[in-house]
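Trainee: I have a model open on my screen and I'd like to learn how to read it. Could we go through it feature by feature?

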Amino acid sequence: MPDVALIETARDFNRFYTNFLGLLNKAYLDSPYTLTDARVLFEIGSHEGVSAKALARDLHLDPAYLSRILKRFRAEGLIETSADTADLRSQIITVTDRGREEFEELGRRANDQIAARFDMLAAGEPQAVVSAMNTIRALLDPTAKPAPAIIRAHRAGDIGWIVESQGRFYAEEYGWDLRFEGLVAEVAGKFLANFDPEKEYCWIAERGGVNVGSVLVTDGGDGVAKLRLLYVDKSARGLGLGKLLVGECIRFARQKGYRQLSLWTNDMLDTARAIYIKAGFELVSEERHSMFGPEANGQTWVLDL
């Protein structure tokens, strides 16, 4: 049995979030629909055709209650129905043009509601909220599928995220002190100050609107590109993002005519080293150091392009 305090905290959050979204209001999103009406219309509008039986099952609605909602929607010209050839006791429901307009308007109002709330938050806080939502969904919904990851170019705020996320991660995981965060900030700052898009690039891995990975390629001079600051958040491990990010670096360096791609890492970072080895990098030097507090073994790897 979970701790009573945990249960009470969860219930308190449920009450807060219900009020936050205005779910107790009779008119949902200042529309003529209740929350249940809007949910039913959303499900119908999101499909080319859906059976009444499937609607009742997926929304956990009493069939008789759903039937009354559908009857009203038909009378208002929002939906049309046809026989379900797979089950003569059910119907296939689709939205009319008017129903689609209402469905899309509800979507716009819902987006505006959340956007207005996010606009009140500080930089990075909307991403933190969404990350927490993803965690709740992943833990409580056994059918939840993780959002697909995308790889994109950096934009405003991303370089700051790289410094913050890596500084915290390496402090927590390896006990590295603030000198490491200072090094990341120095590398990231120089990248921004001297950024040359013809020779340099930054990739950000993003999932569900939240940054979960990053890597840079910088110009090391004399035809050598440097792979810097490879990172994948713990929440995205096992998705192959590290391999994908390194692959982007190699492709970019070759495309830009570099003769070699080099990197510096530490031997305790086994996952990253395995990616480098598989990609064809070769170890050319190593040295013991205590640059960030605990003693470590720094390594330089190179890939001839």
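Trainee: What should I know about the model itself before going on?

Mentor: This is a predicted model, where local features need pLDDT of at least 70 and side-chain atom pairs count only at pLDDT 80 or more, while totals for chains, interfaces and linings use all residues. Residues are numbered from 1 along each chain as its sequence is written, and side-chain values use heavy atoms, with hydrogens and water left out.

Trainee: Back to that residue, then. Is Asn266 buried or exposed?

Mentor: The cut-offs on relative accessible area are under 20% for buried, over 50% for exposed, and partly exposed in between, using a 1.4 Å probe and protein chains only. Asn266 has 2% relative accessibility, so it counts as buried. Asn266 sits in strand E8, residues 260–266. Names like that come from DSSP runs, numbered from the N terminus: helices are H or I with at least four residues, strands are E with at least two.

Trainee: How do I read the packing of two helices?

Mentor: Two packed helices are described by the angle between their axes and the distance between the axes. The axes are lines fitted to C-alpha atoms, for helices over the stretch in contact, and the angles run from 0 to 180 degrees between N-to-C directions. Take helix H2 (residues 35–45) and helix H5 (residues 97–119): they pack at an angle of about 115°, with axes 10 Å apart. So H2 is roughly perpendicular to H5. On this scale, angles under 35 degrees are roughly parallel, over 145 roughly antiparallel, 65 to 115 roughly perpendicular, and the rest oblique.

Trainee: Which residues of H2 and H5 make the contact?

Mentor: H2 brings Ala38, Leu41, Phe42 and Gly45, and H5 brings Gly99, Arg100, Glu102, Phe103 and Leu106. Sorted by class, the contact of H2 with H5 has 5 nonpolar, 2 polar and 2 charged residues. For that sorting, Ala, Val, Leu, Ile, Met, Phe, Trp, Tyr, Cys and Pro are nonpolar, Asp, Glu, Lys and Arg are charged, and the others, Gly among them, are polar.

Trainee: Can we try another pair?

Mentor: Look at helix H7 (residues 158–174) and helix H8 (residues 178–193), whose axes come within 9 Å and cross at roughly 165°. That angle is why H7 counts as roughly antiparallel to H8. From H7, Ile159, Ile162, Val163, Gln166, Gly167 and Tyr170 meet Phe180, Glu181, Val184, Ala185, Ala188, Phe191 and Leu192 of H8. The contact of H7 with H8 divides into 10 nonpolar, 2 polar and 1 charged residues.

Trainee: And what does "nonpolar core" mean?

Mentor: A nonpolar core is a set of buried Ala, Val, Leu, Ile, Met, Phe, Trp, Tyr and Cys residues joined through side-chain atoms within 4.5 Å. The largest one has 45 residues, and Ile162, Leu227, Leu230, Val246, Leu261, Tyr276 and Phe281 touch the most other members. Helix H9 (residues 241–255) gives the largest share of this core, 7 residues. A second, separate core of 24 residues includes Val40, Ala52, Leu61 and Ile93.

Trainee: What does Leu227 touch?

Mentor: Not counting residues up to four places away in sequence, Leu227 touches Val215, Leu216, Val246, Cys249, Leu261, Ser262, Leu263, Tyr276 and Phe281.

How values were computed: Contact = heavy atoms within 4.5 Å.
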